[in-house]
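Have a look at the fold first, then follow the points below.

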Amino acid sequence: MKPKKKETIFALSTPYGQSAIAVIRISGDMSKKIALKLSQIKKIYPRSAIFTKFYDKQNKIIDSGIMIFFTSPSSYTGEDMLEIQCHGAISIINKMLLELSFFENCRFASPGEFSKRAFMNNKKGLLHFEGLANLIASETESQRLVATKQTFGESENICRIWRNSLLESIAILDAAIDFAEENESFDTRVVKNSLNNIIKKASETIELSNKNKEILYGTKVLIFGPPNSGKSSLFNFLSRDDRAITSDKAGTTTDQNTNVLEISGIRTIITDTAGLRKTSRKVEKIGIDRTKKSIEENNKFILVLSPDCYTNQNCKLVNEVLKNLDLKKTILVFNKKDLLGFQEGKNLWMSKINQLKKLKNISISCVNDAKNINILIKLNNFISKNLLTIDTSKNDDYFFSEERQINIVQKIIVHIKNSLNNLEDLEIAVNYLNQAINLLDELFGKNDYEDRLGYVFDKFCIGK
């Protein structure tokens with residue numbers, strides 16, 4: 001019985017919709033046959049861009065465009081591949097995909113299947129493709145920088161260093177085991193130093209990775225303060241849109257409004273909240289309770305105050321909240337700079353709440369500055385510098401972003417520590433180090449665990 005022929009896959013690799021150009025990818029043994037059939041040309045040369053017409057089964061012209069054929073293994077997937085660049089009309093895209101479906105043993109690709117085939121054909125390691133998924137999904141400059149470190153091998157570099165160090169340590173310990181009967185003495189200090197160095201670097205990597213999750217998934221920032229201080233106005237100013245209702249009447253915001261912004265290249269999830277005060281209104285009370293709960297759950301804050309919202313009661317409420325916050329992760333915006341007596345009101349707040357003096361602060365007028373792009377840039381820079389700044393300079397050589405990666409590195413540390421604790425029994429110590437190497441191979445995706453691969457590649461878009 002002949003083995004089942006591997007299916008050829010195809011997909012639209014550009015967004016579906018009207019555009020100037022659409023790119024369709026085909027990967028598998030049928031790629032060359034499809035190229036010759038669609039174009040009706042007699043011969044095709046690899047890696048050469050060919051301008052041609054494309055024909056359907058009835059030999060009618062579908063469109064004209066560019067076709068590039070790649071031979072195995074010199075392609076993205078490691079298989080024969082064909083890339084078609086046609087016009088991006090929806091009718092043309094639909095027709096081209098329909099024609100491809102008529103070819104024998106040819107089907108539409110599942111999400112990430114092109115990259116999965118590339119991985120299975122040893123084109124790149126799993127770390128590369130996990131980074132690539134993040135790179136494709138990146139929305140901000142900081143996300144792009146982090147993803148490129150992983151995509152283009154910087155994460156793999158530190159892993160290879162660890163692997164070589166582990167192999168060297170195993171070799172030394174194996175030699176100690178082999179020559180034990182000859183009463184040879186081995187100095188294990190080299191092994192201890194090497195393994196402790198891996199533990200130190202791996203622990204630093206986990207710490208950096210946890211911190212830099214904010215880059216990939218966004219930094220959460222909560223706007224809070226007393227009613228009528230201008231929280232919603234600040235939210236709208238940063239959003240450059242009237243997303244939240246504003247009013248001179250206290251208690252206008254009874255629920256939370258959230259928006260995702262890019263502030264100085266950092267993805268920021270900013271939330272406007274109901275003003276803190278005592279109230280008998282049921283709806284407003286629910287909103288205030290949500291504000292208090294959000295303050296407990298978040299760790300970065302913008303406190304908004306204004307001269308006209310100063311009261312002894314508001315002063316007391318703000319003071320109570322600040323006692324439970326990390327002041328290093330809180331900034332202060334004094335709003336309504338346009339009001340007469342603004343400076344006196346600001347000084348009053350500062351004199352009554354000593355903790356305000358510990359906060360970085362800026363003064364603005366959300367009303368007067370609503371359309372002033374220079375003030376918006378100044379405010380964004382202030383927020384970025386004092387609240388959002390994430391140091392990525394320390395992890396240029398290694399970076400992990402996925403829970404899978406972090407969990408594996410944590411397990412590697414445990415096995416190395418167990419090895420160090422069992423150096424008196426060398427065979428046990430070596431066994432732990434072998435397990436650590438197996439985990440490193442799993443990090444690269446070298447182990448045979450195809451059932452886990454779907455978790456990685458399902459996150460890709462179709463056609464990647």
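Let's begin with strand β1 (residues 8-12): five of its five residues are buried, so this strand is largely enclosed by the rest of the structure. Buried here means under 20% relative accessible area, exposed means over 50%, and partly exposed lies in between (1.4 Å probe, protein chains only). Strands are DSSP runs of E with at least two residues, helices are runs of H or I with at least four residues, and both are numbered from the N terminus.

This is a predicted model, in which local features need pLDDT of at least 70 and side-chain atom pairs count only at pLDDT 80 or more, while totals for chains, interfaces and linings use all residues. Residues are numbered from 1 along each chain as its sequence is written, and side-chain values use heavy atoms, with hydrogens and water left out.

- With strand β2 (residues 19-27), β1 pairs in the antiparallel sense over four bridges, and S27 is the bridge partner of I9.
- The hairpin of β1 and β2 has six residues between the strands, and G17 takes a positive phi near 155° in this hairpin.

**Nonpolar cores**

- A nonpolar core is a set of buried Ala, Val, Leu, Ile, Met, Phe, Trp, Tyr and Cys residues joined through side-chain atoms within 4.5 Å.
- The largest such core has 33 residues, of which L166 and F400 touch the most other members.
- Elements giving two or more residues to this core are α6 (154-178), α7 (189-211), α14 (403-421) and α15 (426-444), and α15 gives the most, with 10 residues.
- Leaving aside neighbours within four places in sequence, L166 is in contact (heavy atoms within 4.5 Å) with L195, I198, I416, L433, A436, I437 and L440.
- A second, separate core of 25 residues includes I24, I44, F69 and C106.

**Threonine and cysteines**

- T52 lies in strand β3 (residues 50-55) and counts as buried because its relative accessibility is 8%.
- Not counting residues up to four places away in sequence, T52 touches S39, I41, D63, S64, G65 and M67.
- C86 counts as buried at 3% relative accessibility, and C106 does so at 11%.
- A search of the whole structure finds zero disulfides, meaning pairs of cysteine sulfur atoms within 2.5 Å.

Terms used
Pairing = 2+ DSSP bridges.
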